[in-house]
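Biologist: Please take a close look at one part of this model and describe it in detail. I would then like to see how that part relates to other regions of the chain.

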Amino acid sequence: MYFKKIGVIGGGTMGQGIAEMLAARGLDVLLVEKTPEKLDYSYGMIETSLDKQLEKWAITQAEKKLILGRIQKVIHFAELGSCDMVIETISEDLEAKKEVFGQLDQVCPNHIILASNTSTLSLTELASTTMYPERVIGMHFIHPVSKVDLVEIIRGLKTSDTTFGETKRFVEEVVDKKGIMVYESPGFVTSRMICLMINEALHILQEGVASAEDIDDAMRIGYSFQHGPLEMADRFGLDSVLAALERMFREFGELKYRPSIVLKKMVRAGHLGVKTGVGFFKYDKDGDRV
C-alpha cells in the first residue's frame, strides 16, 4: 500500500498534533471537524505551534508554509474516500466513535485502513459498526506527537495481519516512529501504566506526604522524567485522566484504578490543566509553566 494522503478526524489537541506531524513528514492531510469555526480554530492552533518552532529556529518560514499547505480543511466525510488511511482522533466517547466508523465504512473503499487514536476503548467494539472489521486498528499516538517517537498499534479481535503489517510499516517507515504491538486491553500499555502512576501521585498529595512541586521534582530529577506525574496529568488534561481511570476501574474492577478524590474535585472545579491554564500548576497561553 502507498501512503500519500491521510484523513485526520477531529481537530483537538491530538488531531492537531497528528495532522502537523504528518504534514511535516511530507504527507497530504485532510483535517476534518464538525463546523468551519472549529476547523479554522484547529488550523490556527497548528499555525501557532509552527510559529513557536519558528521563534526557536527549529523550522524556516518556507517549511512552515509547506506544512500548512499540505493540510486541507474538510467538513464532509465524503471527501475522505480519496485517502490512503484515515485516523480518528475525536474525544474518548465510544458511541461518538462508533458513529464515525459507521460513516467511514460507507465512504472509504474496503481496502483503506481505518485507525483510531483511542487510548482506552475497545477496537473490537469500534470495528463492530463496520462491514469490514478486519481493516480497523488502533494507532495510539502520545502527546506531544512530534516529540514522542512511539505509537501503540492495537489489534482488535478481527484486525487482519495485512492491516497490522501495513500499519506497522506506515508507523515505522513513513512517519519514522517505533511501533509496538498491543493486544486489546483497557488502557493498553502506556495509558494503563501512566494513569496508575498519576493516580498514586494524587494519593500521595491527598495524604499530605509531599507538595505537588516536590512530588514532581522527585520523579523528574530522581528518575529523569521530562515532566513529573502531576504536570503530566495537567498536560494530558485532568478530565481525560479521570475518564481513562474510570473506564479502567469499570473494566478491571480493581481498586488501584479508582480515581483519587483530588482528581475528581479538580475536574468539577474546571481546573483541567494546560487547556484551561490551571491544574496542579499554572500555565500561559503557550502551555508553558508560569
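Modeller: Lys98 forms a salt bridge with Glu125, with 3.7 Å between the closest N and O atoms; the term denotes a side-chain nitrogen of Lys or Arg within 4 Å of a carboxyl oxygen of Asp or Glu. This pair links distant parts of the chain, 27 residues apart, since Lys98 belongs to helix H4 (residues 94-107) and Glu125 to helix H5 (residues 123-127). Helices (H or I, at least four residues) and strands (E, at least two) are DSSP runs, numbered from the N terminus. The model is a predicted one, in which local features need pLDDT of at least 70 and side-chain atom pairs count only at pLDDT 80 or more, while totals for chains, interfaces and linings use all residues. Residues are numbered from 1 along each chain as its sequence is written, and side-chain values use heavy atoms, with hydrogens and water left out.

Lys98 counts as buried because its relative accessibility is 18%, whereas Glu125, at 34%, counts as partly exposed. Buried means under 20% relative accessible area, exposed over 50%, and partly exposed in between (1.4 Å probe, protein chains only).

Helix H4 also contributes to a second pair. Asp105 and Arg135 meet through their side chains in a salt bridge of 2.8 Å, N to O. Asp105 lies in H4 and Arg135 in the loop between H5 and strand E6 (136-141), so this pair ties together parts that are 30 residues apart in sequence. Both Asp105 and Arg135 are buried. The structure holds 19 salt bridges.

Together with Leu94, Thr120, Leu121, Ser122, Glu184, Ser185, Pro186, Phe188, Arg247, Arg250 and Glu251, Glu125 lines the second largest pocket. The pocket has a volume of about 190 Å³. On a 1 Å grid over the protein atoms alone, a pocket is an open set of points where a 1.4 Å probe fits, with protein on both sides within 12 Å along at least five of seven lines, and lining residues have an atom within 4 Å of a point. Grid points are joined across faces, edges and corners, and the volume is the space filled by probe spheres set on the points. The lining comprises four nonpolar, three polar and five charged residues; Ala, Val, Leu, Ile, Met, Phe, Trp, Tyr, Cys and Pro count as nonpolar, Asp, Glu, Lys and Arg as charged, and the others, Gly among them, as polar.

Helix H10 (residues 238-252) supplies the largest share of this lining, three residues. Ser240 also lies in H10 and counts as partly exposed because its relative accessibility is 38%. Ser240 and Glu92 are 148 residues apart in sequence, yet their C-alpha atoms are 8.0 Å apart.

The buried residues are Pro229, Leu230, Glu231, Met232, Ala233 and Asp234, and they pack against helix H7 (190-206), H8 and H10, where contact means heavy atoms within 4.5 Å. After H9 comes Gly237, with a positive phi near 105 degrees.

In helix H8 (residues 212-222), Arg220 and Asp217 lie three residues apart, about one turn of the helix. Their side chains form a salt bridge of 2.7 Å, N to O. Arg220 is partly exposed because its relative accessible area is 33%, and Asp217 is partly exposed at 22%. Salt bridges that share partners also join Glu213, Glu231, Arg235 and Arg289 into one network.

The loop between H8 and H9 holds Ser224. Its phi is positive, near 60 degrees, although Ser224 is a residue other than glycine. Ser224 counts as exposed because its relative accessibility is 68%.
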